[in-house]
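Colleague: I'm new to this one. Can you put it up and walk me through it?
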Amino acid sequence: MGSSFAWWAKGSHKGTPVVVKMENPNWSVEELQAPSEDDFLVGNNPTGTREKERGKNAKQLTWVLLLKAHRAAGCLTSIASTLVSLGSAIRRRVASGRTDADNSSANENRTVKIRFYYCIKVFLWLSLLLLGFEIAAYFKGWHFGAPKLQLQYIFTAPFGIRDFFDSLYSRWVLFRVEYLAPPLQFIANVCIILFLIQSLDRLILCLGCFWIRFKKIKPIPKQVTVEDPESGENGFFPMVLVQIPMCNEKEVYQQSIAAVCNLDWPKLKIMIQVLDDSDDPTTQLLIKDEVHKWQQQGVHIVYRHRVIRDGYKAGNLKSAMSCSYVKDYEFVAIFDADFQPNPDFLKRTVPHFKDNEDVGLVQARWSFINKDENLLTRLQNINLSFHFEVEQQVNGVFINFFGFNGTAGVWRIKALEDSGGWLERTTVEDMDIAVRAHLCGWKFVFLNDVECQCELPESYEAYRKQQHRWHSGPMQLFRLCLPDIIRAKISVGKKFNMIFLFFLLRKLILPFYSFTLFCIILPMTMFVPEAELPAWVVCYIPATMSFLNILPAPKSFPFIVPYLLFENTMSVTKFNAMISGLFQLGSAYEWVVMKKSGRSSEGDLVSLVEKQPKHQRGGSEPNLDELKIELEQEQKAKKKKHNRMYMKELALAFLLLTASARSLLSAQGIHFYFLLFQGISFLLVGLDLIGEQVL
């Protein structure tokens, strides 16, 4: 042992002092005192030297403690400044007085919306009344530490010694035990069963995804050795029609048109249709001018504008497919205005149709340019990553059916024609055509390794409207397609998958139990404690499902708790949309074009810069005038842009916070924390503090 210490002493160097770096806002320790020879040679170390070393070490420890205290003070200062800015934002929201009612669409059924809001308000005021009643009872000695009530006190205590309040409260307890708790517990049990079924479905999808990864299963196109006479390349180069439907997309039209025009495909075998439904004359001129520029460069591109703009996107696509030259094309690729396909997109998707005559659709995965823009886009990225990585991929591999995502996909035109073409009967024309094509026997291929970049909604208002359409449309379609599914000549298993899994479980049951169980029943069980929800329903299973949902986006693990809370918060919008679509209410037919920020990927910016000199022509004065008009309109739009308060979310926030206060009286720990943080989540969303902030 002594030789070991001697060896260490020979190889060691003398101790160095503490070096402190002054970094704003915190300090950091660069080096600490290293061990010296005297630290190990105890016998040869004089007492004075040892005392001196102790003093030096004590000073170093003091420095370290001071630095840590300074860092803690810096963290507290940051938290305080964040709270101050949050408070000022809340004051601005309240002072402005703008609510979601100020921006209601003309198509939205105001009566239904107001009734839904009033129902939530009734629950809120009732909960406040009951909370005051329960607090008074608590101070009168009515202590219930568990949901199982001790009714012996009620029946054995002499009536004469009880005052009026005790008599009233005992009658309330008996009333809720006899009449409220049984139906509430029954509804809770039904929602728990639905919750477990949906969780099992989610677990099976994840296991299927793990199996695909473990076995490295992926669609592989057949190799083609035939040389194309025009390009001189070996490959499969059929005639492809590319469509870009857009409506008032002045922020993104340039980059989307440029990305599609740069697709690597023989020029004589591709036709690009820019389907402009804009009602703004300036936007029409800008898009038409952009198309003309690419035409001058030899790109086979045409501009189409409808005079009668019926049927939204479905009507636009249907009108474009009626052109006489469409019969010369075998496939059609569709890209929304904010999508930017890579140049090799067609070369990686179209070959999957080769010698697969029963394949009607090849769908690519979405990727997002602005996924790290704010908390809202990060949470959306988690949801959509699970949708593509797990849901779409598993369904594509095992059953060859999934919902068409409306863009970044290639259709066989014959499959569209066999399925009846585009119909304007719902706001989810993409899901409509996919369901009808599947009933006709066509198979779908999903390519998880082929990505197409796009934008996510950055404001809560835009995301809310998008989710409303995505959840009301499927219920519209379910009503219309159910007879066709039952009569279709497909297997019973496919009918079961489409009716129960595709529509009922994932489109109807999920928003129903999520809103009913966690936003209505759970708060009610705090005031009617005889009906209870187990802790595993409130905490453990939701946490497990959130963990599974976040696996396809592993970098988002720090946001697992906000994701869980936000999904429950969005349940009010999804539930409202589901009811609107199921019962054909006015807001089910609402279609709002999402405003884009016009963010471009690095590659798109490079391609646009390279094309810039070619775009310059002698007669550029009209373009400058148009750009001036466009800038003026953008400035006006920015002035009109503002955050607002959402009344349903705020009412639910106070309802959940009231229920969390009631749970303290029953000492229900997990329920209290869940209700508290869920109420805060509703409060932040209701004050529009989660997405894009407008100063």
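Modeller: We will take the sheet, then one of the helices. This is a predicted model, where local features need pLDDT of at least 70, side-chain atom pairs count only at pLDDT 80 or more, and totals for chains, interfaces and linings use all residues. Residues are numbered from 1 along each chain as its sequence is written, and side-chain values use heavy atoms, with hydrogens and water left out.

Colleague: What order do the strands of the open sheet have?
Modeller: The 8 strands run S5-S4-S3-S6-S9-S8-S10-S7, with mixed pairing. Strands are DSSP E runs of at least two residues, helices H or I runs of at least four, numbered from the N terminus; two strands pair if DSSP finds at least two bridges between them.

Colleague: And which are the edge strands?
Modeller: S5 (301–305) and S7 (340–341), each pairing on one side only.

Colleague: Is S3 mostly covered or uncovered?
Modeller: Covered: 7 of the 7 residues in S3 (240–246) are buried, meaning under 20% relative accessible area with a 1.4 Å probe, protein chains only. Val240, Val242, Ile244 and Met246 point one way, while Leu241, Gln243 and Pro245 point the other.

Colleague: How many bridges join S3 to S4?
Modeller: There are 7, and the two strands run parallel. Met246 has Asp276 as its bridge partner in S4.

Colleague: Switching topic, where does H13 bend?
Modeller: At Cys481, by about 50°, with Pro483 following within four residues. The bend is the angle between axes fitted to the seven residues ending there and the seven starting there.

Note on methods
Buried means under 20% relative accessible area, exposed over 50%, partly exposed in between (1.4 Å probe, protein chains only).
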